[in-house]
Amino acid sequence: MTFGERLYQLRKNANLTQEQLAELLEVSRQSVSKWEQDKAYPEMTRLLFLSDYFQVSLDYLMRGTEEPEKSERHRQFKSENALLIWQTFLSNLNPKQKQLFTLILLLIIFVLIAVLMISCYQLGFGIGKFFYYILH
């Protein structure tokens, strides 16, 4: 069985069309078609995504050396794959995208700090009000 045949089988078992898989991977449907016909291979980040998405090892996906399974060993490395994909995502951003991403991240942090401060203020106000009524 070839890589393309394994990918086709995994996609069909997941009830996905080539178009749906292409959307998940942010590639064209033609790319998925080429992969399934063994005319091309996806790059490493997409292979990692496919491995995680279909819950199979890279060995199975690329070589067909093991049966697809949800082993404990596979789950252990899943978080490492996620970190690798995240790192690759960040390294593939152009400078303008990095600047926008940083700005959005800072905005989210600012909002979280504001929510935390408001919550602490409300809690302190409630405790103070409670003691005020007890002492008076």
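Start by selecting Phe-131, which sits in helix H7 (residues 95-135); helices here are DSSP runs of H or I, at least four residues, numbered from the N terminus. You're looking at a predicted model, where local features need pLDDT of at least 70, side-chain atom pairs count only at pLDDT 80 or more, and totals for chains, interfaces and linings use all residues. Residues are numbered from 1 along each chain as its sequence is written, and side-chain values use heavy atoms, with hydrogens and water left out.

Phe-131 is partly exposed, at 44% relative accessible area (buried is under 20%, exposed over 50%, partly exposed in between, with a 1.4 Å probe and protein chains only).

Now jump to helix H1 (residues 3-13) and colour Phe-3, Gly-4, Arg-6, Leu-7, Leu-10 and Arg-11, which are buried. Look down the axis of H1: these buried residues fall within an arc of 160° and so line one face of the helix (the arc is taken from the directions from the axis to the C-beta atoms). What do the buried residues of H1 pack against? Show helix H2 (18-25), helix H3 (29-36), helix H4 (44-54) and helix H5 (58-63), and you have the packing partners.

Next, zoom in on Leu-7. Skipping neighbours within four places in sequence, Leu-7 is in contact (heavy atoms within 4.5 Å) with Leu-21, Trp-35, Glu-36, Leu-50 and Phe-54.

Methods: Helices (H or I, at least four residues) and strands (E, at least two) are DSSP runs, numbered from the N terminus.
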